[in-house]
Amino acid sequence: MLTMKSGGVCLRVLFLIAAAACSIAVTRAADPLQRPRDLRPNFASDVAPILNEHCLTCHRSGGRAPFSLVTLDDARAQGERIVEVTRARQMPPWTATQGRGFPDLKNDPRLTDGQIRTLQQWANLGMPAGDLSRAPLPPNFSTGWPLGVPDLILTLTRQISLPADSADRLTNMSLAVNLPEDRWIAGLDYQATSSASLKHALFLSVPADVGVDDQDVLPGVGGLLGLGAIDNLGERLLAADRGMTVLGAWTTGGRPRLMPAGMAQRLPRRTNIVVQLHAPPAEAGAIEDGRVAIYLAKEPVTTRVTSLLLPPSFGIASGIDIPAGGRYTLVDTFTLPVDVEAVGARGHAHALARRMSMTAAAPGKSPRGLLAIDKWDPRWRDTYLFEKPVTLKKGTVLRVEINYDNQSLIDAAPNHRVVWGPHLSQEIGGMELLLSTKTDTDATSLEEARARHFRALLLKSARH
């Protein structure tokens, strides 16, 4: 029995009891399953805004994803999958790794830890609807193009048959543009009619007077099968590489984006756009008859973007040779002959690539990272733009490293020797630095240095 000798003791005891009860109540309220009903996550207030912002670009009717997430019923049907892929951070796709000292990247679609918890809590609660009359409207994709109405739409000149067979197919399609003056491209997109049957589409600009065959590995080098397959192959490779500019790529999981205002890539006058379509082995036949959307710069272009691909031409002269059951590392270095402003980067490889990175070492300084992809997945290749341009001085050494692993026994990584080639049973490799130069003279100097670099690789390859 408690003897109360004073009112102060009694009040102190009551205060401690009340404080403990309050603490317990607060702790329980932090548990989402114990929160008041009006504070629990629901579709209208909590889930729809996340899906609208991060998912509907692809997950909608007519989008690239295999199912829609526009409505409550859509989301409920995929509730468990949503929790699984977001918790594993497989979705939204984003393969760039943010290392210490690396530039911050634009357009990062990844969910916050809080958003991932919200989706999981919503699923655990039975996926409640909430007040659907107050749910935000989904983005308007009425044009069928996520970036809006294009300035120019190019259609394939013929339908491409993708029969059911065991071989992957590489097909080039030259689309006539051939404008009398330079134009500036702020974005590209592709609308596939058989997206499930395509691996990717690569967009390149090629001089209008260069003939492009259907099966060219590099547009303008007809029917190339290997080094030495054609007379004067080295010079032809060099000429094709100099005339070809990579403008971007489309994959089923990629997200089209416009460059920031004032930034654009040049589409040189008297050039055409080549779409290189790559289709994996198919179980059922399909017909591809897609369209290319071109978005031109709407404001004066102050940052003229070009690309520097290392190694050149996706490693055709770099000796890629991955032993059966083994690993291989592709390395290429290039010294900048002029000052440049780097604005972004992207990577290219097939399924055996595991990791790729690009670094820059200024004269007398340690290397700094520009882009790293620790878990390469060709389905989710993307263009990564830097939040702020990175100044790279003359004499800076760029280094690209791509690691391949041929030890797996899965279909995507056959356990046999793999060399360079455009097919899925072969490998390619390269990373592009998107950059601008201060003057046209600097741009010419950069192009000449890149050509010398490619010529040196070709000579080295020929000796071996």
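This is a predicted model: local features need pLDDT of at least 70, side-chain atom pairs count only at pLDDT 80 or more; totals for chains, interfaces and linings use all residues.
Residues are numbered from 1 along each chain as its sequence is written, and side-chain values use heavy atoms, with hydrogens and water left out.

Back to that pair. Strand β15 (residues 353–361) is joined to β16 by 5 bridges, and the two run antiparallel. Two strands count as paired if DSSP finds at least two bridges between them. They belong to an open sheet of 4 strands in the order β13-β18-β15-β16, with antiparallel pairing. At its edges are β13 (327–335) and β16 (368–373), each of which pairs on one side only. From one strand to the next, the twist averages 15°, with axes taken as lines fitted to C-alpha atoms and angles running from 0 to 180 degrees between N-to-C directions.

There is another open sheet of 4 strands, this one in the order β3-β8-β5-β6 and again with antiparallel pairing. Its edges are β3 (169–175) and β6 (245–251); each has a single partner strand, so one side of each lacks a neighbour in the sheet. Here the twist averages 20° from one strand to the next. Strand β5 (residues 200–207) is tied to β6 by 6 bridges, running antiparallel, and His200 stands opposite Thr251 in β6.

Now for the packing. A nonpolar core is a set of buried Ala, Val, Leu, Ile, Met, Phe, Trp, Tyr and Cys residues joined through side-chain atoms within 4.5 Å; buried means under 20% relative accessible area, with a 1.4 Å probe and protein chains only, exposed is over 50%, and partly exposed lies in between. The largest such core has 54 residues, and those touching the most other members are Leu336, Leu370, Leu371, Leu392, Leu398, Tyr404 and Leu433. Helix α7 (residues 440–463) gives the most to this core, with 5 residues. A second, separate core has 24 residues, including Leu156, Leu188, Ala201 and Phe203.

Leu336 has contacts (heavy atoms within 4.5 Å) that, neighbours within four places in sequence aside, include Leu392, Leu398 and Leu446. Leu446 sits in α7, where the buried residues also include Ala449, His453, Phe454 and Leu457.

Helix α4 (residues 79–87) buries Gly79, Ile82, Val83, Val85 and Thr86, and their cover includes α3 (72–77) and α5 (113–124). Gln78 lies in the loop between α3 and α4. Is Gln78 buried or exposed? Its relative accessibility is 17%, so Gln78 counts as buried. Just after α4, Arg89 takes a positive phi of about 55°.

Finally, the cysteines. The structure holds 0 disulfides, a disulfide being a pair of cysteine sulfur atoms within 2.5 Å. For Cys55, the closest cysteine sulfur is in Cys58, 9.0 Å away and too far for a bond. Cys55 counts as buried because its relative accessibility is 15%, and Cys58 does so at 11%.
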